[in-house]
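Here is a short tour of one protein chain, written for someone new to reading structures. Keep the 3D view open and find each spot as it comes up.

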Amino acid sequence: MNKPILYVFNISHYCEKARWALDYFGIAHEVRHVMVGTHRRLAKKLGAKRGSVPFLQTHDCMIAGSDSILDWCEAQPTSRPLSLVGKDSEQVRAIEKRLDDVLGVHVRRYFYSDALINSPELVRPLFSKGLPLWQRAAVTVGWSRIVPIMIKLMDLGPHQGQESLAIVEQELAWCDGLLSDGRPYLCGDQWSRADLTAASLWAPVVAPKEHPVYPHAVYPSAVAAKMKEWTDRPTLQFVRRMYATHR
Ligand SMILES: N[C@@H](CCC(=O)N[C@@H](CS)C(=O)NCC(=O)O)C(=O)O
């Protein structure tokens with residue numbers, strides 16, 4: 001194998017985190033889009049420890065999960081002098097973990113509780129893009145069966161959407177609070193993996209112009225209205241700045 005292969009869903013914010021990490025460290029890699037519904041089988045076949053995307057296949061190991069992929073990137077000899085560990089690595093890790101475990105899950109549940117229930121046709125192209133022709137056709141034909149499975153697996157619905165929205169707003173207040181003293185980065189004056197994680201996981205409600213997917217997406221109207229309402233919040237401004245500066 002010449003280059004590591006990163007397996008992704010095009011739309012996934014955790015995949016964006018992994019993609020960004022590889023790009024940031026200048027690690028040449030191939031991005032392979034995986035068809036939803038086949039990803040767990042593929043992960044198992046390749047020996048990944050988890051079934052969810054992203055997973056990275058290197059010449060000697062399989063790495064599952066955006067945090068572990070970031071760890072792997074850090075450990076590679078690359079031309080990038082700047083590590084993302086941060087000055088206070090414990091604080092950086094704690095922020096990354098909260099973003100991964102809380103924001104990442106609920107921003108997705110909020111978005112899909114609207115998009116997949118009210119306008120699933122807006123979402124389909126985001127899952128088809130980058131797939132080989134026959135898989136794009138399979139997603140199109142099978143979409144009406146895929147959507148209810150996703151709704152069930154992610155526990156989506158109007159009530160769940162509101163519940164996740166409340167959590168996203170709470171996480172927004174928390175991130176705004178971290179930035180409230182005017183610091184350029186979440187942990188102070190140094191760009192770290194906490195910032196890369198925050199920017200990637202907030203990106204679905206920011207659609208920064210450097211993002212490879214979201215600026216081309218059509219958003220359901222309620223989510224679009226929330227994005228507008230939040231646009232001047234420090235966190236959203238921070239995300240745009242991270243993309244403009246580091247992506
Ligand atoms: N904490 C994991 C989360 C990964 C995750 O939830 N991936 C989603 C896409 S956004 C997925 O693969 N969902 C389908 C599944 O788990 O089967 C990470 O950072 O990689």
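This is a predicted model: local features need pLDDT of at least 70, side-chain atom pairs count only at pLDDT 80 or more; totals for chains, interfaces and linings use all residues.

Let's start with Ala207, which sits in the loop between α8 (193–202) and α9 (221–230). Helices here (H or I, at least four residues) and strands (E, at least two) are DSSP runs, numbered from the N terminus. Residues are numbered from 1 along each chain as its sequence is written.

Ala207 is not a glycine, yet its phi is positive, about 50°. Ala207 counts as partly exposed because it has 18 C-beta neighbours inside 10 Å. For that label, a residue is buried if 20 or more other C-beta atoms lie within 10 Å of its own, exposed if 12 or fewer, and partly exposed in between, with C-beta atoms placed from the backbone.

Asp155 has a positive phi too, near 55°, and is also a residue other than glycine. Look for Asp155 in the loop between α6 (133–153) and α7 (158–179). Asp155 has 13 C-beta neighbours inside 10 Å, so it counts as partly exposed.

## A cis bond and an exposed alanine

Which two residues are joined by a cis peptide bond? They are Val53 and Pro54, with omega at about 5°. Pro54 belongs to the loop between α2 (39–46) and β3 (55–57).

Ala28 is in another loop, between α1 (13–24) and β2 (30–33). With 10 C-beta neighbours inside 10 Å, Ala28 counts as exposed.

## How the helices pack

Now pick out α8 and α10 (residues 234–246), whose axes come within 9 Å and cross at roughly 110°. Axes are lines fitted to C-alpha atoms, for helices over the stretch in contact, and angles run from 0 to 180 degrees between N-to-C directions. As for the wording, angles under 35 degrees count as roughly parallel, over 145 as roughly antiparallel, 65 to 115 as roughly perpendicular and the rest as oblique. On the α8 side, Asp195, Ala199 and Trp202 meet Thr235, Val239, Met242 and Tyr243 of α10; being in contact means that two C-beta atoms, placed from the backbone, lie within 7 Å.

How do α4 and α8 pack? Their axes are 9 Å apart, at an angle of about 10°, which makes α4 roughly parallel to α8. Among the residues making this contact are Val92, Ile95 and Leu99 of α4, and Ala194, Ala198 and Leu201 of α8.

## Around the ligand

There are 13 residues around the ligand, and Ser12, Tyr14, Ser52, Gly65 and Ser66 come nearest. A residue is near a molecule or strand if its C-beta atom, placed from the backbone, lies within 6 Å of it. Both α3 (66–75) and α4 (89–118) supply at least two residues each to this shell.

## Two domains

The chain is split into domain 1 (5–75) and domain 2 (90–246), with bounds that come from an automatic or database domain assignment. Their C-alpha centres lie 18 Å apart. Where they touch, 16 residues come from domain 1 and 22 residues from domain 2. On the domain 1 side, α1 and α3 are the elements that give two or more residues, and α1 has the largest share, with seven residues.
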